[in-house]
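Dear colleague,

Please find below the structure that I am handing over to you. My notes on what was found in it follow directly after.

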Amino acid sequence: SIYTFYDCRALKEVGDLRNVQSIGDYAFCNCMNLDTIILPKELNYYGNHLFDGCECLPPESLIIIKEWE
């Protein structure tokens with residue numbers, strides 16, 4: 001969905017997304033305290049401006065791909 005967690009400043013971590021196939025535009029935009037997100041390898045689509053304004057999410061670890069067992 002578009003704007004799913006938009007501007008959710010309390011969101012710090014996103015974990016088990018193993019059944020998610022797509023993430024809409026701006027889904028985590030302005031989640032200023034988000035510092036960890038684990039995305040499944042099987043993710044088919046991720047939207048535009050997904051992590052804009054995520055000041056705590058280091059650029060080198062924006063997307064952590066995990067293959068679920």
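Tyr6 is partly exposed, at 38% relative accessibility, and Tyr3 is likewise partly exposed, with a relative accessible area of 45%. Here, buried means under 20% relative accessible area, exposed means over 50%, and partly exposed lies in between (1.4 Å probe, protein chains only). Please note that this is a predicted model, in which local features need pLDDT of at least 70 and side-chain atom pairs count only at pLDDT 80 or more, while totals for chains, interfaces and linings use all residues. Residues are numbered from 1 along each chain as its sequence is written, and side-chain values use heavy atoms, with hydrogens and water left out.

The aromatic rings

The structure holds 4 aromatic pairs. Rings of Phe, Tyr and Trp (its six-membered ring) pair if their centres lie within 6.5 Å; planes under 30 degrees apart count as stacked, over 60 as edge-to-face and the rest as tilted. Tyr3 and Tyr6 make an edge-to-face pair, 5.2 Å centre to centre with 75° between the planes. Phe5 and Phe28 make a stacked pair, with 5.6 Å between centres and 10° between the planes. Phe5 lies in the segment before strand 1 (13-14) and Phe28 in the loop between strand 2 (22-23) and strand 3 (36-40), so this pair ties together parts that are 23 residues apart in sequence. Strands (E, at least two residues) are DSSP runs, numbered from the N terminus. Phe5 is partly exposed at 35% relative accessibility, whereas Phe28 is buried at 3%.

The core around Phe28

Phe28 is among the residues with the most contacts inside the largest nonpolar core, which has 15 residues. Such a core is a set of buried Ala, Val, Leu, Ile, Met, Phe, Trp, Tyr and Cys residues joined through side-chain atoms within 4.5 Å. Leaving aside neighbours within four places in sequence, Phe28 is in contact with several residues, including Phe5, Leu11, Val14 and Cys54; contact means heavy atoms within 4.5 Å.

Cys54

Which residues does Cys54 touch, leaving aside its neighbours within four places in sequence? They are Phe28, Cys31 and Leu34. Cys54 lies in the loop between strand 4 (45-46) and strand 5 (64-66) and is buried, at 8% relative accessibility. Cys54 and Asn33 are 21 residues apart in sequence and 6.8 Å apart in space, C-alpha to C-alpha.

Yours sincerely

Notes. Helices (H or I, at least four residues) and strands (E, at least two) are DSSP runs, numbered from the N terminus.
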